[in-house]
Amino acid sequence: MNGSGDGLAAPKASEHFDVLVVGAGISGVGGAYHLTQQCPDTTFVVLEALDSFGGTWWSHRYPGIRSDSDLYTFGYRFKPWVGPPIATADEILSYIGEVIEENNLQSNIRYGHRIDSAKWSSADNLWTITAIKLDSGEEARFTANFLYMCQGYYRQQAGHWPDWPDMDRYMGRLVHSQEWTDDVDYTGQNVIVIGSGASAATIVPAVCDKAAHVTMLQRSPTYFRSGRNAIEFADHLRKLHIDETWIHEIVRKQILYDQAVLAERTFREPEKVKQELLADVRHHLGPDYDVDTHFTPSYRPWRQRIAFVPDADLFESIASGKASVVTDEIERFTEKGVVLKSGRVLEADLIVAATGFNMNVLGDIAFEVDGKPLDFHETVTYRGMMFTEIPNLAWVFGYLRASWTLRSDLIGDFVCRLLKHMKSTGARRVTVALRPEDMDMPILDWIDSENFDPNYLMRSMHLLPRRGAKREWQHTQNYWREKDEFPTIDLCGPEFVYGGGFSGEVTARSAKASPSVAGVGKSWNDWGSTDPPVGG
């Protein structure tokens with residue numbers, strides 16, 4: 001009962017932080033590290049819906065789960081990777097856990113907190129975040145000056161299921177790779193793995209030893225490349241007792257250079273790259289294998305991700321006869337398996353759908369700005385990390401042709417620099433806005449489908465923010481350019497609109513010219529969380 005005696009429960013108290021980080025996966029933990037190192041006076045909390053850190057590497061449990069990017073570039077720039085380049089989920093979790101422990105981040109992370117809503121108030125210059133504690137169902141409320149969205153870009157709890165006819169007729173076990181549980185038994189069974197991407201290429205060799213036979217059923221092929229799960233250059237440097245920090249940086253730069261060369265070649269000489277990739281497959285499967293049908297995609301290389309096959313384990317499984325590939329489409333399910341559009345029937349005791357995921361846009365959180373529900377598709381992105389009309393928010397969306405974490409580190413630097421700039425100028429609100437010279441710029445979909453067109457993106461284009469025709473207003477997917485551009489972004493440029501200081505609006509140019517703006521030197525918390533100053 002509250003103090004007025006009217007029988008109503010007192011309002012739930014809110015906890016206030018300068019920054020609220022969404023997600024404790026590899027991006028969120030990296031973001032927490034950057035805040036700790038670069039903004040040590042900033043208060044922050046990390047909210048994670050899962051029971052532990054790691055995101056994908058915690059929630060996905062299918063056999064053989066491993067990275068499809070090398071850990072020299074998928075790992076953080078600030079922590080050397082010392083294991084094999086392609087790592088298991090357990091190895092990645094151990095690595096992330098070390099970052100948390102070494103930097104005392106444990107107290108900043110709250111697990112089992114699912115965020116349901118985030119509401120921005122321009123009157124208070126605050127986000128109000130409502131979360132549910134999943135162990136008790138209790139509501140938890142937070143306020144924050146800045147939202148740092150590190151939750152990834154797809155739904156962890158359920159994968160993408162194509163709408164196949166008669167799925168309910170199948171009498172065996174049907175499971176999605178993303179929903180794999182420990183009780184799935186494939187010992188001595190005939191298994192069908194539906195899909196052709198990295199998940200399918202991982203599961204097939206991982207279950208071959210125990211299964212009677214494994215069939216990879218794909219609608220269309222994917223490009224693969226294979227190699228040893230080792231980097232001889234790195235191993236040689238270790239024999240010379242070179243410091244691991246040096247090894248990490250040198251090998252990282254070499255890998256990035258090689259990746260950039262390959263990506264550029266796929267545009268300049270796509271047919272030559274295609275033939276090189278197919279020659280690698282033929283080397284492992286032999287001259288009589290039907291590579292044209294099963295491993296020759298219809299698109300040019302790198303229009304979708306090229307999956308890496310460590311130690312050629314997928315090809316070795318096929319060459320041994322333990323696995324086979326069928327390229328066809330599913331007509332319908334039967335009690336014992338599937339009927340394909342060619343009329344062929346495949347029977348199986350277990351069917352695994354490795355058919356991709358469903359994107360979420362900023363965590364499937366119900367966003368509002370000043371009482372108006374937010375439709376992200378109506379916004380235009382600034383460099384793939386901020387959005388027009390959305391104050392005090394940054395989103396980590398990594399690279400699709402290179403390792404995700406490369407961009408999460410760049411964005412971590414940018415966010416910290418932006419927060420320090422706002423503190424030094426007294427600004428409490430920042431949005432990005434099209435400049436006068438941008439007003440006639442064509443506004444396009446999030447990504448150019450002629451450049452990169454994986455199915456999960458194409459299915460979700462109507463949900464994603466839009467991009468402009470100019471480089472500043474899009475996610476360019478170009479690490480080599482962004483690594484130089486991001487540190488030099490002019491935070492006083494006309495695309496940044498600041499406000500909310502004690503003296504009202506703080507424009508970019510006045511902030512640059514006027515270091516005496518009220519509030520300089522104060523932490524956001526110095527203004528108080530229960531009654532913040534109203535600005536503009």
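Buried here means under 20% relative accessible area, exposed means over 50%, and partly exposed lies in between (1.4 Å probe, protein chains only).

1. **What you are looking at.** This is a predicted model, in which local features need pLDDT of at least 70 and side-chain atom pairs count only at pLDDT 80 or more, while totals for chains, interfaces and linings use all residues. Residues are numbered from 1 along each chain as its sequence is written, and side-chain values use heavy atoms, leaving out hydrogens and water.

2. **The overall picture.** The protein has 14 helices and 27 strands; these are DSSP runs numbered from the N terminus, helices being H or I with at least four residues and strands E with at least two. Of its 536 residues, 55% count as buried. Taking contacts (heavy atoms within 4.5 Å) with a separation of 6 or more, 70% are between residues 24 or more positions apart.

3. Tyr62 sits in the loop between helix 2 (56-59) and helix 3 (71-74). Tyr62 counts as buried because its relative accessible area is 8%. Its C-alpha atom is separated by 5.9 Å from that of Ser177, 115 residues apart along the chain. Beyond its neighbours within four places in sequence, Tyr62 is in contact with Ser177, Trp180, Ser199, Thr202 and Ile203. Its side chain also makes a polar contact with the side chain of Ser199 at 3.4 Å. A polar contact is a pair of N or O atoms within 3.5 Å; within protein, one must be able to donate a hydrogen and the other to accept it, and residues adjacent in sequence count only if both atoms are side-chain atoms.

4. **Helix 5.** In helix 5 (residues 198-207), seven of the ten residues are buried, including Thr202 and Ile203. Among the elements covering its buried residues are strand 9 (190-194), strand 10 (213-218) and helix 10 (313-319).

5. **Gln218.** Strand 10 is also the place of Gln218, which is buried, with a relative accessible area of 1%. The Gln218 side chain makes a polar contact with the side chain of Thr327 at 2.9 Å. Gln218 is also in contact with other residues beyond four places in sequence, including Gly195, Ser196 and His294.

6. **Helix 1.** Ten of the 13 residues of helix 1 are buried. Strand 1 (14-22), helix 4 (89-102) and helix 11 (404-425) are among the elements that cover them.

7. **Salt bridges.** Side chains of opposite charge can pair when their charged atoms come close. With a salt bridge taken as a side-chain nitrogen of Lys or Arg within 4 Å of a carboxyl oxygen of Asp or Glu, the count comes to 30. One of them joins the side chains of Asp183 and Arg173 (3.2 Å, N to O). Asp183 lies in the loop between strand 8 (173-176) and strand 9, and Arg173 in strand 8, so the pair ties together parts that are ten residues apart in sequence. Asp183 counts as exposed at 54% relative accessibility, whereas Arg173 is partly exposed at 34%.

8. **A second pair.** Glu276 and Arg265 also meet in a salt bridge through their side chains (2.9 Å, N to O). Glu276 is partly exposed at 37% relative accessibility, while Arg265 is buried at 14%.
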